[in-house]
Amino acid sequence: MDFHAVCCSLLLLSCTGVCFGQELLLPERINKPVGENVVITPIRIPDPPHEFIRWKFNEISILSGPPSGITILPQYTDRVSLNTTTLALELRNLTESDTGPYSLTVNTPTDRYSDVTSLQVVEIIFGAALTGPTDDLIEDVSSATLSCNASGTIYSAEWMKDNQKLSASDSITFSNDNRSVMISPVRRRDSGEYQCTLSNPISSESATYRMTVNFGPDNVIIDGPVEVEEGNKLTLSCRTESTPNASYKWMFKGNLTEENTSVFTVEQTTFMHTGIYICMASNPVTGRNASGSHDLVVKEKGSMGGSGGSLQKMIKRSSRGNKQNRDSYI
């Protein structure tokens with residue numbers, strides 16, 4: 001036999017198995033919930049005859065022997081079965097302790113084949129709940145901790161706020177397991193809907209919590225005319241940034257009026273209505289107060305032109321000293 005023939009013979013011998021479809025291949029990874037059954041079916045197996053078969057969990061034998069005489073270890077007797085044609089292993093009534101590597105070895109008359117797969121058994125996640133503060137939250141004073149919990153096997157937790165990913169910042173920190181988030185101090189921008197999603201390889205569940213941060217009143221503004229003709233109606237409107245909505249009182253020339261809404265009206269003005277109007281806003285939750293002022297001049301009828309003095313100059317006045325007097329009226 002010449003050298004070329006020897007090389008061809010060796011190549012043929014080395015290809016026996018893989019080159020001619022003689023291969024053992026198991027699934028890469030299998031995930032299953034607790035209590036269910038799993039069938040680990042090889043993707044490819046070597047051609048029969050199979051002289052010897054062995055399934056192992058870690059290094060512990062589950063079953064072994066020739067197809068005609070398989071021996072199942074006592075601890076698996078009522079839980080496993082083998083399809084001697086496909087070599088598929090069925091494992092019933094799974095528990096988390098069944099998690100780990102499973103290996104199959106097959107001996108044929110000409111070779112020995114083996115492969116390993118991984119089984120992950122977890123409890124399905126259910127009953128997710130997101131809890132947060134029950135007391136009123138006040139901007140720049142309060143802190144808030146949100147906690148996400150559920151039954152089952154939890155691998156990961158993800159957070160969203162108003163449908164956007166929630167990230168750590170100078171005021172937002174996450175626990176090591178990512179299942180709690182602390183916001184300190186809370187600010188008005190932290191108001192909104194929070195969502196946590198707890199996951200494992202086979203299940204996930206979400207829960208939501210709506211958080212309200214109370215703030216204000218800030219930036220008290222009075223809308224209305226600065227000049228009005230005698231006999232015309234006067235309407236002043238007060239607005240401010242506040243959660244919950246602020247309550248209002250009005251002062252004129254240093255005296256408290258009977259008006260307690262955001263709108264101050266005078267049906268028919270006289271010269272006596274010339275002066276400084278003060279809108280006082282208060283927040284019952286934050287305990288803060290703020291005010292804004294507005295100067296009005298009542299002029300003689302017909303002096304402003306237009307149709308009967310109905311044309312009025314309008315201006316918006318911001319509050320005076322609002323930031324310095326959150327806790328007391330001006």
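**Aromatic pairing and sheet order**

Both Phe 252 and Tyr 277 are buried, where buried means under 20% relative accessible area with a 1.4 Å probe and protein chains only. The model is predicted: local features need pLDDT of at least 70, side-chain atom pairs count only at pLDDT 80 or more, and totals for chains, interfaces and linings use all residues. Residues are numbered from 1 along each chain as its sequence is written, and side-chain values use heavy atoms, with hydrogens and water left out.

**Aromatic rings**

- The whole structure contains four aromatic pairs, a pair being two rings of Phe, Tyr or Trp (its six-membered ring) with centres within 6.5 Å.
- Phe 252 and Tyr 277 form a stacked pair, with 4.3 Å centre to centre and 25° between the planes; stacked denotes planes under 30 degrees apart.
- This pair links distant parts of the chain, 25 residues apart: Phe 252 lies in strand 22 (residues 247-252) and Tyr 277 in strand 25 (residues 275-282). Strands are DSSP runs of E with at least two residues, numbered from the N terminus.
- Trp 250, Phe 252, Phe 264 and Tyr 277 are joined into a cluster by ring pairs.

- Strand 10 and strand 12 (residues 144-151) pair in the antiparallel sense over four bridges.
- Leu 130 has Cys 148, in strand 12, as its bridge partner.

How values were computed: Pairing = 2+ DSSP bridges. Phe/Tyr/Trp six-rings, centres within 6.5 Å; stacked < 30°, edge-to-face > 60°. Buried < 20%, exposed > 50% of the residue type's maximum accessible area, 1.4 Å probe, protein only.
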